Amino acid sequence: MKDLCNNSGDENNASKKSFPYPSCYNDEQRIHALMAPFRERHVNPENYDSKLKFWENCIFLYCEFKGEPKFNKKELQDVLSKGVHSIYALDTVVDGMISSKKIRSLPEYMYNPNDGWKGWIINNFIRKPLAWGAHKLKSNFKQFPELNSDVQYFVHLHTLDNFCKDLEVKTLQQQQGRLVSYNDFKELVNSSLSLSEDGLKLCLYTLYGREKIGLKFSSPNDVLYIHFIKIPSSSDDSINITEADLASYNLKVCQGKLLQQINELESEVKQSENKVLEYISQNRRYLAEPHLRKKRFLENKYKKRCSALQNIETLLNNIADAKTNGEILHAYQSGSKALQTTLKESGLQFEKIDDIISEVRETMENYEDLQDSISNIKLGHSDMGETIGDDELEAELNILINKSQSEEHVKNDTDIKMATKQINICNEDLLSMLKNLDVESNSPQNTASKGRVLINKND
């Protein structure tokens, strides 16, 4: 496995040639001033801050360019100075970035990458007491030679965060719920990100410290290496790699190998069959017989592989069903506890229900009795003078009704007579008016009469 700081000279030369230097590198006087040592800040604060910001931006661009958030002063001198001048301001820049917490030394970061995960590398990877300290970290992480190197390495935190975000968006979200080997995961990352292997390992350790992924390590010769990466899903956010996860992974790997073997066997069987047919057509039976035997042998092997594949798929389905059934049972348990808590808080108990129903029934009966009592109340007649019986009231009411009906009948007869009289008068008046009707002089009838008189006279 490639070590974290094992950069070859060819790679450094490539970095020198292709690194996108800022445009101010074309101004020799300007770049000399930027490489010169810093003066005291109080002399010219604006110049001091702009110079510091320039080199901080160059370091950020360099880390982004090489796809790795780790660097040391020597490689910065080699690349950013173009091998011509020394950057005397570099020590001040690095010290300022450490003070502002923009970078951290690699051993410090590996020992405590995030607040709240004190010694998480040791506790989770080596699984030894925290009291071992940083010297145990160095001796066990031999894959990080810079931890024991005299050269001090730093981690650019902003670049590391950017790489982690890209890794989550472009790789982790597409592989949710999977357990992937490190080599397979590295191929996935290389197809979507320009990230070096050193940068990838730092990102994985960082995401593991943030509990975004699960890691399982192998330790050949007491050296820890990443072996598996578990990517949680939206339905199962656990990052712990269990024995069931490893068993499922091994079964899936075996399933893939069997599928490949079955495809190859199908092709070989087809080739043997073609050979047999070819030799038979040439009447060379002695050559066809060996290929026929080979075909039978391959067919038997094919059947065994298919049977093994079916068994593995059955096991995978059973594991998935068991996991689903476990989730359902857990949901039942959670629902039962929630219901019990709700019943307890609301006071719903069987012995109380009978008492409450009895109280409701008694209350309704009392209410009905009260309604009956109110409806049967008869007010006294002492305030209305002499008491009058119901029969007398009924008789008087009948007399008033008969009187009202007779008056209404007389009124209707009178109205009919008046209407008839008015109709007769109206007819006589109408006849008289028709007899006395005069035609106007300008009416059409009068004009026609005059015309006839004139004609007669002319005749």
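Ring pairs link Phe-19, Tyr-21, Tyr-25, Tyr-62 and Phe-65 into a cluster. This is a predicted model, and a search of the whole structure finds nine aromatic pairs.

Q: What makes Phe-54 and Trp-55 an aromatic pair, and what makes the pair edge-to-face?
A: Their ring centres are 4.9 Å apart and their planes make 75 degrees.

Q: Why does Phe-54 count as buried?
A: The relative accessibility of Phe-54 is 15%, and buried means under 20%, so Phe-54 qualifies. Trp-55 is buried too, with a relative accessible area of 0%.

Q: Why is the pair of Phe-228 and Tyr-249 edge-to-face?
A: The planes of the two rings stand at 75 degrees, with the centres 4.8 Å apart. Since the label applies to planes over 60 degrees apart, the pair is edge-to-face. Phe-228 belongs to strand 6 and Tyr-249 to helix 12, so the pair ties together parts that are 21 residues apart in sequence. Both Phe-228 and Tyr-249 are buried.

Q: How do you know that the buried residues of helix 2 line one face?
A: Helix 2 spans residues 28–35, and its buried residues are Ile-31, Leu-34 and Met-35. Looking down the axis, they fall within an arc of 95 degrees, so they line one face of the helix. Helix 3 (45–66) and helix 4 (73–80) are among the elements that cover them.

Q: What makes Asp-27 a cap for helix 2?
A: A side-chain oxygen of Asp-27 lies 3.3 Å from the backbone nitrogen of Gln-29. A polar contact asks for N or O atoms within 3.5 Å, so the distance passes, and Asp-27 caps the N-terminal end of helix 2.

Q: What puts the buried residues of helix 4 on the same side?
A: The residues in question are Glu-75, Leu-76, Val-79 and Leu-80. Around the axis they cover an arc of only 110 degrees, which puts them on the same side of helix 4. At the N-terminal end, Asn-72 is the cap, with a side-chain oxygen 3.0 Å from the backbone nitrogen of Lys-74. Helix 4 is followed by Lys-82, which has a positive phi, near 60 degrees.

Q: Why are strand 4 and strand 5 said to stand at the edges of their sheet?
A: The open sheet has three strands in the order 4-6-5, paired antiparallel. Strand 4 (178–181) and strand 5 (214–218) each have a single partner strand, so one side of each is left without a neighbour in the sheet. From one strand to the next, the twist averages 25 degrees.

Q: How do you know that strand 5 and strand 6 pair?
A: Five bridges join strand 5 to strand 6 (residues 225–231). Pairing needs at least two bridges, so the two strands pair, and they run antiparallel. In strand 6, Lys-230 is the bridge partner of Gly-214.

Q: What makes strand 2 and strand 3 partners?
A: Strand 2 and strand 3 (residues 153–156) share three bridges in the antiparallel sense. With at least two bridges needed, they count as paired. Ser-105 has Phe-154 of strand 3 as its bridge partner.

Key. Residues numbered from 1 in each chain as written. Predicted model: local features only at pLDDT ≥ 70, side-chain atom pairs only at ≥ 80, totals over all residues. Heavy atoms only, no water. Buried < 20%, exposed > 50% of the residue type's maximum accessible area, 1.4 Å probe, protein only. Helix = DSSP H or I, 4+ residues; strand = E, 2+ residues; numbered from the N terminus. Arc of directions from axis to C-beta. Contact = heavy atoms within 4.5 Å. Polar contact = N/O pair within 3.5 Å; in protein donor to acceptor, adjacent residues only side chain to side chain. Axes fitted to C-alpha atoms, helices over the stretch in contact; angles between N-to-C directions. Phe/Tyr/Trp six-rings, centres within 6.5 Å; stacked < 30°, edge-to-face > 60°.
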